[in-house]
Structures are given as C-alpha cells and as structure tokens.
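Visitor: I am new to this structure and would like to learn how to read it. Please take one feature at a time.

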Amino acid sequence: MAGGMAQPGAELLAFERFQDSSKQPLAYGYGSRSLRELRAREFGRLAGTVYLDHAGATLFPQTQLTSFTHDLMENVYGNPHSQNISSKLTHDTMELVRYRILAHFHASPDDYSVIFTAGCTAALKLVAEAFPWVSPGPESSGSLFCYLTDSHTSVVGMRTVAAAMNIPSVPVSPEDMWLAEKQGAAARNPDCQLPHLFCYPAQSNFSGTRYPLSWVRGVQSGQTCPIFGFPTGLGALLVHNRMSPLLRKTYFGGGTAASYLAGEDFYIPRQSVAERFEDGTISFLDVIALKHGFDALERLTGGMENIKQHTFTLAQYTYTALSSLQYPNGAPVVRIYRDSEFSSPEVQGPIINFNVLDDKGNIIGYSQVEKMASLYNIQVRTGCFCNTGACQRHLGISDEMVKKHLQAGHVCGDDVDLIDGQPTGSVRISFGYMSTLEDAQAFLKFIIATRLRPSSSQPVPQATPGEVGATPAENEAQNTLPATLDRQSPSPREDTPTASRVCNDLPTAMRLHPRLPEATRTLQTPLEKAAGVPDGDLGPHVITNIFLYPIKSCAAFEVSKWPVGSQGLLYDRSWMVVNHNGICLSQKQEPRLCLIQPFIDLQQRIMVIKAKGMEPIEVPLEENGERAQICQSKVCTDRVNTYDCGDKVSSWLSKCLGRPCHLIKQSSDFERNAKRKHGKGQSAGTTATLSLVNEAQYLLINRSSILELQQQLAASDENGKEELFPMKDLILRFRANIITNGTSAFEEEKWDEISIGSLHFQVLGPCHRCQMICIDQQTGQRNQDVFQKLSESRERKVNFGVYLMHTSLDLSSPRFLSVGSQVLPVLKENAECHDLSASEKQQNVIS
C-alpha cells in the first residue's frame, strides 16, 4: 500500500466486470427512463448524501408530494362517515385505494378485504386481538400461536395477547421450517378443526432473506408506507374473506356500529369487515396520499417488478464487492450475515447485514462504523433492527448473553455495540428504487478508505457551506472563522445568587483570553516531556487551560479564571441554537456553528457574539422576566424550559448560517437533574443539576493524552508533514472545560475523584466520542483521521477525556477555577497507582 497503491483485495470491483461475470441478465435502472435525471428531479434533497436505510424508511419523490398537494387544493374531502358530496368523494376515493392495494399484492377483492390501520404494528396487534383463539380445555388441546424467530418485535409481541387467553406460543426457527418443508411435514392436516396462527415475514428485515409465500395461510398483513416514504404511520391489513366471519371484536368505536343502545348492552356491527374494524375516522387524507404514491411509483419505475430487479442488482453487486475485500494478510474486511448467496431476487431482498472486522478478525463496533459513515455523509442503520431472534441467530448471541447485556446497561436502540468484545448488533444497508450505482460505490469506497487505505489526511468529502443557503459573502466569512467544536458532554450553568455576587468582583482582564502568567505558560508548553513517566508516579497535575462554551456547539471561550456555579462553570452551555422547528442544532448538522464566537462580559452582563463578515451582536446574560416567553425544548431525552432571546439575534444567526434559526437560553428558575448516580460526597437525596450539556457538568482532558494522539497522527501521515494536527487544534476539537498537564496518557481514566483547591469532583467515567471530533474548529472542515486513529489505538472504543460532577459545592462565597491551580486526583481502588493522603486531597492551592 506504499505510495497509495492498493493491495489485492482492496480494489473497488468495477460494475462492468461484475456484469460480465454474472450468470444471469442484470437489470439496472428503468429502461428509457434516466435514473440520473429521476434522482436529480425527484430527490434533489439527496445531493451530497448517500441514504442506505430504505428498509427502515424509504423516501418520497417530489412529484408525489406536488400531486397530492394539488389534489388537496383542488378538491374538498370531508369526513367519510357523512352523506354530503365532499364525504362521498372521500369514501369513493378510499375505496379505489383499497382496490389499488389489492392489485399491488395480486389479490382479488372477491377474496380479500383491506383494513386500514395505524401502521404494520397496529395491523398485527389487531390480528392478535381478533383471532378466534380456542383456549385449551378438557376436550381440546386448544389453539397455538407460532411465529418465525426471524420476526420483528411486533410479531413476537403478539404472544402476550395469546398468553392472556392461555394460548401457548411456539417459536419456530428458519431451519425448522426449511427442514419441515423439505420433508413434506408442513402439509396441513385436513382433520384439524382448531384455528392456529403462524406469523412470519415475507422478507427478513435483518438479512433480507425472502421466505416462501407458500407458507401463507389465512391472514396476511402488509404495511404500505415503506413503499412510498409518504404518508407514514399508515398500514393495511389484508384479510381473506372466508376468515372475516371468524374474527372477533370486543371494542366498537365511531363508524363501526350498524346500531347500538346507550342505555342497554345492545350492539350490532356493520357488515363489511373493513367497516367493523376501522374504529373512528381513519386518516383519510393519508389514504388518499397513497393513490398518488402508486401513481408516482408506476410513472417513475414502471412497477414493482422493475424495482425488484434494479434493487437486487445493486445489492448483488455490493455483496460481491464487499465480500471480496481483504486485508494484506488475507483476512476478510467484513462478516456478512446471510441465508442466501444473493443468487436471485426470489430468495434475497436488497438488504446487506454485516459487521466490519479488523485484520485480526475482531469485530469493530457498529456504533464506530456508523459514526465514520456519517463523516462520509453515508446514512446506515445499526443495532438489531427490532429483530432480536435473527440477531441472536446470526451473531451467536445466547439467551443468557442477552440478559447479561441488559444487566450491563445495553438496551435496544442504544450505541453500546460491544460487551466483553462481543457484538450486540450489526450494520445494515438497504437499497430503494431511487438508489444508484454511485450510492453503492460510495459506500464501498468508504469501507476501502477507512479499512484498507493508509491515512491520507485529506478532508472528508462534504457539502460546502454554500450549499446550505448562505450568500457567497457569508460563505467566505464562515470558511475562515476561528472556532471550536462540541462534543455533547459536560457543562453547567450559574447559580443565580452567586452569579450576581461574582460579576463585579471579576477583573476585566479575566474576560477575554488573557495572557497567562509566566509560571503558568511554562506549564502549558512541553509537558510532552512528562509523557513517559510511569503510571505509578502521579507527579504534579496543573490546570493549563479553561474553556467554556456559552452557546452549545459554538466556539470556545477561553479564560484564565472563572466563577463556578451550581451547574458547573458559570454560563457554560446556557444557550443553544435551534432550527425553525425548535430542534437543537449541533455541529453534526451544521459544522459552521464552530465559527460563531461568543464572549462573556460579566461586568456589563452581556454576551457578545461575533462571526467574520457579521457585525457583533449583544445578548443580555439574564432574561427579562416580563418579556421572556417560556418554551419547551429538549436536550438529549430531557425536557428543558427555555426562552427565546429575540428576533434580533435570530435574524443575525439566520443570516450567518443561511437557514432559519433562533437562539434560546435555559430558564434560570428551571432545574435539570443529572441522571448519573450521586457522588461519594453527596447524600442519596442530593442531585446534581445540569445546563444544556449532554452528560455532565464538566469535561476534563489530559495534555499527555493529546500528545500521544498527536504523535500517532504524525506517524500515520504518509506525506511527512510536521504538525499536521497542532496541539491547540486537537485541544479545541475535544471541547473540554478543564485541560491539565498530566504525566502519562489516559491516566485520568484511572481517577475516581479529584480536588482543585476547595472544589471536589467525582469522575463519572470516560467520554464516548462522536464524529464531531473530526471537525476542525478553526475552519469547520471535516477530517476523519482523528476519529479513525482513536478507534484504532484505543481498541475500537473512541473514549477521550473524563466527565466530572461536583460531589459537594458550598456557594456561600464565590468559587473560582483558575489556570495554574493544582489538581489532586484520587485513584480508583483497582488502579495500579498509589492513593493520595487526606492532607494532599484537602490542600488548597487556589489563592
């Protein structure tokens, strides 16, 4: 690989070579319809993005939305349960959509009826509740509920409804079904009079395996939404008409009753199965939108058969190319979870499920892969995909391991990807009808670039700031602004009484990046020399830098001394920028946030916000109680009370970023409690409070750790450039509050608590880094090297820095953090280092 040459097994498979080697004709695209033009015209919003989660939610074309909107503007659609003209139009249109759905599934209205539901899950729940179960008794063994283990949670969850009626559930593995089918044991017993229910997917949402439709008996359920991308939250249950008289219903709602009495237990249901089971007024406008979805699909592709062939070709090509990738030692780059050889669209859908391996065969966690993919603007799906059965089967996860993972803190949908080196899930890519060869190759190039190519230190391909909507003048300004990055981590906010007390006491020289004292500056520089000190010798630890981030995800504000409040450093992450829907913007969505620089002036009680090409703007530090309008917002999963900082700063930010946005601030009388357990110095009833941070009040990083990373990055730079990642640049990328000199890399992860003068902190644990550390805080440009190098060097866990929380805090008098203050750590009990004495812990080194 020297000189950028690829090793065998590291080359991208040419599509033409793949076509020539195929044993069967391959269909790519839709005949005379130009796929490139379709993509540009109908899915322009995908420019610069590779979307590979169509099994989760596919995308709607522009003309479908335009046609539907035009329909609504031209026609009056009323409640279908009325008899007026507009209601009749709605009813008739919905009936036509039912026929369209049946035609799509090659079913006749003579044989099947369509019941609209609130999604596929609701359809399955309806089946479980309405099925004519026969409970076991003296004269009957009763009904059985059987389900394929390769099924979505929504199927497995039906067993709780069956259990309530004392109906046993029988999980059936795919191997059992294939064996029974091979032996002919799946034949139906004509003498059996008991109703049994067997549920399985036509296509596995985990691996894409397609199961035979010949297994179908009685009831089919289908969800229409993933076909079109719009509308969402709408499903359809297809019921065989011979089964409909057997379905039982307990509840009845609006529109389902032919007649009933309010004062007597008298109820007669409507005759048709759809009218009986569609409680209340269904989402009729969404049903009408389906009509435009079918129209668009037919017009753009020519039908589902063409889509099946096109998406399978992409999946087969990607599978072939992916499975051929090897490291120089011959080890495979990925492990693909499959039940077929991707030989035919009849047995395999357009889904590829896999885990990435290192050259020793160890699995790289799916969360790491997803974060790296996002740096390349590639969107994939990770986890177990609400299909624990398939996940266990393919990954070799036992029932005991699932329970152990839960005890370790892993739940469905989180990013805990490895426990004791074993994977808890995998990576899934899936193609849609608008997917292109360029999408597939962009994904393959991403795998090759991150696993098989030497680090080239080139910026990650990305949309330029100009594509977001800013004017050329603004783009030029924003591309050159200095700034800093945000990792959703520590932060705090002021304790109001203390805030007012310390404002006038703090010298002006503390406010704007003051020049550090001579003694302090010597500590900042080559503590590189301390990197080789053995772990057993802690040595002195001193604060070299203090940063706060007044606006979440915006640039850092560096100080030499700063007051401490109940939530951490005063005004740290007290504000955040939100979009037009009130959703918090971070550098993940808007990297140019790092180019917006906030400055706090405690004496004038204002925050000054600057950006190149923009006039500075001032924002008061505290809300005007009479004018402040309280609004609800969210940080992570927490609800917070905030207020809008006004139209003036909103216009300023919108112009700067080229998109509508607002500045909001956490209300001073609102307390957001930390989820972490209380510290050693706190009583069980004491709860630490947070500002708009993600995890904890503070984040601390060690310069020795940064130095080690800097050296690793320099060693992997094939161009031999010096200081490709200067120390200052790396420090800013990690968005810490407290930077110490340290004596050895990552020694901070062995600390249990620390003292800085009279302030005491519990170390909560390491900070799990996201892809935001790849953003250069001086330019807003991305470079994947930092994240990738950390992933490689830290055993595939991208941890850097540790979270801190106050163990106790006395604010009866002002408290400060200062550059030059000594940090006294107490080691964890199992750390291989000596502890500090109580006198050392209590030593106050802050003047």
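The dialogue below goes through the chain as a whole, its sheets, a helix pair and its salt bridges.

Visitor: What should I know before I start?

Guide: This is a predicted model, in which local features need pLDDT of at least 70 and side-chain atom pairs count only at pLDDT 80 or more, while totals for chains, interfaces and linings use all residues. Residues are numbered from 1 along each chain as its sequence is written, and side-chain values use heavy atoms, with hydrogens and water left out.

Visitor: How many helices and strands does the protein chain have?

Guide: Helices (H or I, at least four residues) and strands (E, at least two) are DSSP runs, numbered from the N terminus. The protein chain has 24 helices and 38 strands.

Visitor: What percentage of the residues in the protein chain is buried?

Guide: A residue is buried under 20% relative accessible area, exposed over 50% and partly exposed in between, with a 1.4 Å probe and protein chains only. Of the 847 residues in the protein chain, 53% are buried. Contacts can be counted too; contact means heavy atoms within 4.5 Å. Among contacts between residues at least 6 apart in sequence, 76% join residues at least 24 apart.

Visitor: How do I read a sheet?

Guide: Strands of a sheet pair through backbone hydrogen bonds, either parallel or antiparallel. Here two strands count as paired if DSSP finds at least two bridges between them.

Visitor: How many bridges join E3 to E4, and how many join E3 to E5?

Guide: Four bridges join E3 to strand E4 (residues 169–172), and three join E3 to strand E5 (residues 197–199). In E4, Ser169 is the bridge partner of Phe145 and Val170 that of Cys146. Towards E5, Tyr147 stands opposite Cys199.

Visitor: Which way do the residues of E3 point?

Guide: In strand E3 (residues 145–148), Phe145 and Tyr147 point one way, Cys146 and Leu148 point the other way, and all are buried.

Visitor: Where can I look at antiparallel pairing?

Guide: Look at the open sheet of three strands in the order E22-E21-E37, where the pairing is antiparallel. Strand E22 (568–569) and strand E37 (816–818) are its edge strands, each pairing on one side only. Three bridges pair strand E21 (residues 561–565) with E37 in the antiparallel sense. Among the paired residues, Lys561 has Ser818 in E37 as its bridge partner.

Visitor: How do I read a pair of packed helices?

Guide: Two packed helices are described by the angle between their axes and the distance between the axes. H3 and helix H11 (residues 284–301) pack at an angle of about 135°, with their axes 9 Å apart. That makes H3 oblique to H11. Angles under 35 degrees count as roughly parallel, over 145 as roughly antiparallel, 65 to 115 as roughly perpendicular and the rest as oblique.

Visitor: Which residues make the contact between H3 and H11?

Guide: The residues in contact include Thr63, Ser67 and Phe68 of H3, and Ile288, His292 and Arg299 of H11.

Visitor: How many salt bridges does a search of the whole structure find?

Guide: A salt bridge is a side-chain nitrogen of Lys or Arg within 4 Å of a carboxyl oxygen of Asp or Glu. The search finds 24. Arg428 forms one with Asp53, their closest N and O atoms being 3.1 Å apart. Arg428 lies in strand E17 (residues 426–430) and Asp53 in the loop between strand E1 (50–51) and helix H3 (62–74), so the pair ties together parts that are 375 residues apart in sequence. Both Arg428 and Asp53 are buried.

Visitor: Where do Lys308 and Glu305 lie?

Guide: Both lie in helix H12 (residues 304–324), three residues apart, about one turn of the helix. Glu305 counts as partly exposed because its relative accessibility is 46%.

Visitor: Why does Glu590 count as buried?

Guide: Glu590 counts as buried because its relative accessibility is 1%. Its salt-bridge partner is Arg592, with the closest N and O atoms 3.0 Å apart. Arg592, at 3% relative accessibility, also counts as buried.

Visitor: Which residues are linked in a network of salt bridges?

Guide: Glu95, Arg98 and Glu278 are linked in such a network.

How values were computed. Axes fitted to C-alpha atoms, helices over the stretch in contact; angles between N-to-C directions.
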